[in-house]
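This briefing sets out selected features of the structure shown below, grouped by topic.

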Amino acid sequence: MIIYNVTVNIDESIHDEWLVWIKEHIPQVLATGKFEKATLTRVLVEEEMGGRTYSIQYRSYSREALEAYYREDAEKLRSDGYKRFADKVLAFRTELEVLDEYTVNFT
């Protein structure tokens, strides 16, 4: 499994608007059929540059599904955010390969 991680630093001036937008954007990404689920998290470390930082982790079905997302969907879905928020958002993307998952059950 591949996790497509998008880390985003949001300028305080557009934070609330961005948060509403991202909660609409994530289901649109999932609707492409390329991802199993997504997790929206807030990064708890304060950035020197200010703003607030979030991470969205999309769990892709496979490397092939992620590549199809890049080819077929990514540009269109990203463009709305670029148009709305321009230089008030700084994003970077990483890909993570899940090697093993562990859980514990104390019951």
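**Salt bridges and their setting**

Glu 67 and Arg 63 are joined by a salt bridge, with their closest N and O atoms 3.2 Å apart; the term denotes a side-chain nitrogen of Lys or Arg within 4 Å of a carboxyl oxygen of Asp or Glu. The model is a predicted one, in which local features need pLDDT of at least 70 and side-chain atom pairs count only at pLDDT 80 or more, whereas totals for chains, interfaces and linings use all residues. Residues are numbered from 1 along each chain as its sequence is written, and side-chain values use heavy atoms, with hydrogens and water left out.

**Charged pairs**

- The structure holds 7 salt bridges in total.
- Glu 67 and Arg 63 lie 4 residues apart in helix 2 (residues 63-85), a separation of about one helical turn; helices (H or I, at least four residues) and strands (E, at least two) are DSSP runs, numbered from the N terminus.
- Glu 67 is partly exposed at a relative accessible area of 32%, and Arg 63 is partly exposed at 33%; buried means under 20% relative accessible area, exposed over 50%, and partly exposed in between, with a 1.4 Å probe and protein chains only.
- Arg 63 also forms a salt bridge with Glu 95, at 2.7 Å from N to O.
- Glu 95 belongs to strand 4 (residues 89-97) and Arg 63 to helix 2, so this pair ties together parts that are 32 residues apart in sequence.
- Glu 95 is partly exposed, its relative accessible area being 36%.
- Because Glu 12 sits in the loop between strand 1 (2-10) and helix 1 (15-30), and Arg 52 in strand 3 (residues 52-60), the pair ties together parts 40 residues apart in sequence.
- Glu 12 is partly exposed, with a relative accessible area of 44%, and Arg 52 is likewise partly exposed, at 35%.

**Asn 9 and its polar contacts**

- Asn 9 is located in strand 1 and counts as buried at 10% relative accessibility.
- The side chain of Asn 9 makes a polar contact of 2.9 Å with the side chain of Thr 53; such a contact is a pair of N or O atoms within 3.5 Å, where within protein one must be able to donate a hydrogen and the other to accept it, and residues adjacent in sequence count only if both atoms are side-chain atoms.
- A polar atom of the Asn 9 side chain also lies 3.1 Å from the backbone oxygen of Gly 50.
- Not counting residues up to four places away in sequence, the residues that Asn 9 touches include Glu 47, Met 49, Arg 52 and Lys 88; contact means heavy atoms within 4.5 Å.

**Helix 1**

- Helix 1 has 16 residues and reaches 22 Å from its first C-alpha to its last, close to the 22 Å expected at 1.5 Å a residue; the expected span is 1.5 Å times one less than the number of residues.
- The buried residues of helix 1 include Trp 18, Leu 19, Trp 21 and Ile 22.
- These buried residues pack against strand 1, strand 2 (35-42), strand 3, helix 2 and strand 4.
- His 15, found in helix 1, is buried with a relative accessible area of 4%.
- Leaving aside neighbours within four places in sequence, His 15 is in contact with Ile 10, Arg 52 and Tyr 54.

**Nonpolar core**

- The largest nonpolar core has 21 residues, of which Tyr 4, Trp 18, Ile 22, Phe 35, Ile 56, Tyr 58 and Tyr 69 touch the most other members; a core is a set of buried Ala, Val, Leu, Ile, Met, Phe, Trp, Tyr and Cys residues joined through side-chain atoms within 4.5 Å.
- Strand 1, helix 1, strand 3 and helix 2 each supply at least two residues of this core, and helix 1 gives the most, with 6 residues.

**Aromatic pairs**

- The count of aromatic pairs is 9; rings of Phe, Tyr and Trp (its six-membered ring) pair if their centres lie within 6.5 Å, with planes under 30 degrees apart counted as stacked, over 60 as edge-to-face and the rest as tilted.
- The rings of Phe 35 and Tyr 69 are edge-to-face, with centres 5.1 Å apart and planes at 70°.
- This pair links strand 2, which holds Phe 35, to helix 2, which holds Tyr 69, across 34 residues.
- Phe 35 and Tyr 69 are both buried.
- Tyr 4, Phe 35, Tyr 58, Tyr 69 and Tyr 70 form one aromatic cluster.
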